[in-house]
Amino acid sequence: MSRRPARTEHSTSGGTTAVVGDRVLTLPNLISLVRLVGVPLFLYLFLVVRADVAAVVVLAIGGTSDWVDGWIARRLEQVSRLGELLDPLADRLYILATLLAFTAREVVPWQFTGALLARELLLLGSLAVLRRYGYGPPPVHYVGKTATFLLLAAFPILLLAAAAPGVATAAGAIGWGLAWWGLVLYWVAGAMYVVQAGRLVRAMRSGGAPA
């Protein structure tokens with residue numbers, strides 16, 4: 001983590017260094033914006049017109065394309081500060097919107113939704129503490145990205161199980177398997193962020209340089 005303004009470089013998962021620019025009009029940012037537009041579209045299809053098949057398609061595209069914008073950004077060297085904000089924002093909005101919509105139509109139980117929302121509240125509290133010390137959000141960890149991928153993959157399968165009785169048993173088993181693993185990893189990633197934030201705050205209070 002670093003103080004604002006954000007650093008101009010960061011390390012990728014492959015060990016290389018990507019330059020973070022200030023460009024706004026990039027292909028990865030456009031993809032992230034399209035994913036954001038998919039959130040209200042999914043809610044409209046699922047809750048208003050009850051077009052479950054179309055909602056499954058929108059949710060599947062928005063969820064499985066999670067990695068596309070990041071991969072293209074690194075491939076085309078178009079990593080940007082805006083993109084680093086839009087990508088996790090789109091992920092969280094998809095997860096939260098889908099959870100609330102699924103809970104409203106009883107696709108998932110409220111206990112599952114509550115467990116995920118509690119993790120988000122924990123992370124928001126940690127981010128608020130970091131901001132008091134002039135720091136932005138921690139870098140996305142691969143555990144968190146894996147959890148997000150599992151959840152976004154599980155949701156359309158769970159919706160398919162609810163919308164198509166003929167495949168409900170198989171789709172439900174696969175969907176809930178992915179969902180529970182995603183929930184566990186989501187909390188593991190949240191705990192890692194909290195520990196990281198705690199170490200940084202302790203280092204600042206003791207007058208030392210943060211790692």
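The model is predicted. The protein chain holds 7 helices and 2 strands, and along the sequence they run in the order β-β-α-α-α-α-α-α-α.

**The chain as a whole**
- Of its 211 residues, 41% count as buried.
- Among contacts between residues at least 6 apart in sequence, 77% join residues at least 24 apart.
- The accessible surface of the chain is about 11,400 Å², and carbon and sulfur atoms account for 68% of that surface.

**A look at R119**
- R119 sits in helix α5, which covers residues 110-132.
- With a relative accessible area of 2%, R119 counts as buried because the cut-off is under 20%.
- The side chain of R119 comes to 2.8 Å from the backbone oxygen of Y186, and the charged end of R119 lies over the ring of Y186, 3.8 Å from its centre.
- Beyond its neighbours within four places in sequence, R119 has contacts that include R92, W187 and Y193.

**Aromatic rings**
- The structure has 7 aromatic pairs.
- F46 and F102 form a tilted pair, with ring centres 5.3 Å apart and planes at 50°.
- Because F46 belongs to helix α1 and F102 to helix α4, this pair ties together parts 56 residues apart in sequence.
- Both F46 and F102 are buried.
- F112 and W176 make an edge-to-face pair, 5.4 Å centre to centre with 85° between the planes.
- F112 is buried at 2% relative accessible area, whereas W176 is partly exposed at 23%.
- Ring pairs also link F42, F46, F102 and F155 into a cluster.
- The charged end of R105 sits over the ring of F46, 4.3 Å from its centre.

Terms used: Residues are numbered from 1 along each chain as its sequence is written. This is a predicted model: local features need pLDDT of at least 70, side-chain atom pairs count only at pLDDT 80 or more; totals for chains, interfaces and linings use all residues. Side-chain values use heavy atoms; hydrogens and water are left out. Helices (H or I, at least four residues) and strands (E, at least two) are DSSP runs, numbered from the N terminus. Buried means under 20% relative accessible area, exposed over 50%, partly exposed in between (1.4 Å probe, protein chains only). Contact means heavy atoms within 4.5 Å. Accessible areas come from the Shrake-Rupley method with a 1.4 Å probe; for residues, only the protein chains shown count as cover. A polar contact is a pair of N or O atoms within 3.5 Å; within protein, one must be able to donate a hydrogen and the other to accept it, and residues adjacent in sequence count only if both atoms are side-chain atoms. Rings of Phe, Tyr and Trp (its six-membered ring) pair if their centres lie within 6.5 Å; planes under 30 degrees apart count as stacked, over 60 as edge-to-face and the rest as tilted. A charge sits over a ring if NZ of Lys or CZ of Arg is within 6 Å of the ring centre and within 35 degrees of the ring normal.
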